[in-house]
Amino acid sequence: MRLFLSSYRFGAHQQRLLSLVGTPGRVAVIANACDAWPSAWQSAVTSDLVPLRRLGFQPEVLDLREYVDRPDEVAAALAGFPMVWVRGGNTFVLRAQLARSGADLALTRLLADDALVYAGYSAGACVLTPDLHGIETMDDPAEVRTACGIEPRWDGLGLVDRPIVPHLDSPTDPDGLSRKLVRAYIAAGTPHWALTDDHVVVVDGERLEVLT
């Protein structure tokens, strides 16, 4: 299994992503964490396509809304890519869209087979944790009903063993919500990763690194 999980895009470690992937090629860009923000969706996607192209990748948008209740088709689509790039937004909306399309199960199988690299930041990283409780202090679960018409789910994909808190002390978090969540996890004795916008968690087979 190969995972590149960050607070914001490549963090300070874009070369580590390249070493994980090998030669840059096609990458499926999943932006469904932004589905509750239709007016900002396209600009959010474009903001990720540009830096990926600069690194030599060939990004292609894979919209999970086009695969609702079509798990075999989304599995086949994902299997055609050596890497997926899952951007930030609302973790609960992303979790719902992964479930509605069946991409959650497809990605879990592909990663177990080491068939692709999963690169995700912010919501794209948080959704891989075992449990989403706590993230509601940063992301609004009610946006799931607006964007997806279903109730929010509170289980993550469970591909890493602890919560991730992104945007620690970041200008994107002026209210200090990430720092408050870190304090709550510490008080509860919950192991977690607190990531600044430079930090990256890398899983490469049996090896796990937290790059600062």
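Biologist: Is Asp155 buried, partly exposed or exposed?

Modeller: In this predicted model, Asp155 counts as partly exposed, because its relative accessibility is 30%, and the cut-offs are under 20% for buried and over 50% for exposed.

Biologist: Which side chain does Asp155 meet in a salt bridge?

Modeller: The side chain of Asp155 meets that of Arg95 in a salt bridge, at 3.0 Å from N to O. This pair links distant parts of the chain, with Arg95 in helix 4 (residues 91-101) and Asp155 in the loop between helix 7 (143-148) and strand 6 (164-165), 60 residues apart.

Biologist: And Arg95, buried or exposed?

Modeller: Arg95 is buried, with a relative accessible area of 3%.

Biologist: How many salt bridges does a search of the whole structure find?

Modeller: The search finds 16 salt bridges. One of them joins Arg2 to Asp114, where the closest N and O atoms are 2.7 Å apart.

Biologist: What is the relative accessibility of Arg2, and of Asp114?

Modeller: Arg2 has a relative accessibility of 16% and therefore counts as buried, whereas Asp114, at 37%, counts as partly exposed.

Biologist: What does Arg16 form a salt bridge with?

Modeller: Arg16 forms a salt bridge with Asp204, and their closest N and O atoms are 3.7 Å apart. Because Arg16 lies in helix 1 (residues 14-21) and Asp204 in strand 8 (residues 200-204), the pair ties together parts that are 188 residues apart in sequence. Arg16 is buried, with a relative accessible area of 16%, and Asp204 is partly exposed, with a relative accessible area of 33%.

Biologist: Which residues do salt bridges that share partners join into one network?

Modeller: That network is made up of Arg16, Asp204, Arg207 and Glu209.

Biologist: Switching to the nonpolar side, how many residues are in the largest core, and which have the most contacts inside it?

Modeller: The largest nonpolar core has 50 residues, and those with the most contacts inside it are Leu5, Leu62, Leu78, Tyr118 and Leu128. There is also a second, separate core of 25 residues, which includes Phe10, Trp41, Val45 and Leu52.

Biologist: What does Leu78 touch, not counting residues up to four places away in sequence?

Modeller: With those sequence neighbours left out, Leu78 touches Ile30, Leu62, Val84, Ala103, Ala106, Leu107, Leu110 and Leu116.

Conventions. Residues numbered from 1 in each chain as written. Predicted model: local features only at pLDDT ≥ 70, side-chain atom pairs only at ≥ 80, totals over all residues. Heavy atoms only, no water. Core = buried A, V, L, I, M, F, W, Y, C linked by side-chain atoms within 4.5 Å. Buried < 20%, exposed > 50% of the residue type's maximum accessible area, 1.4 Å probe, protein only. Contact = heavy atoms within 4.5 Å. Salt bridge = Lys/Arg side-chain N within 4 Å of Asp/Glu carboxyl O. Helix = DSSP H or I, 4+ residues; strand = E, 2+ residues; numbered from the N terminus.
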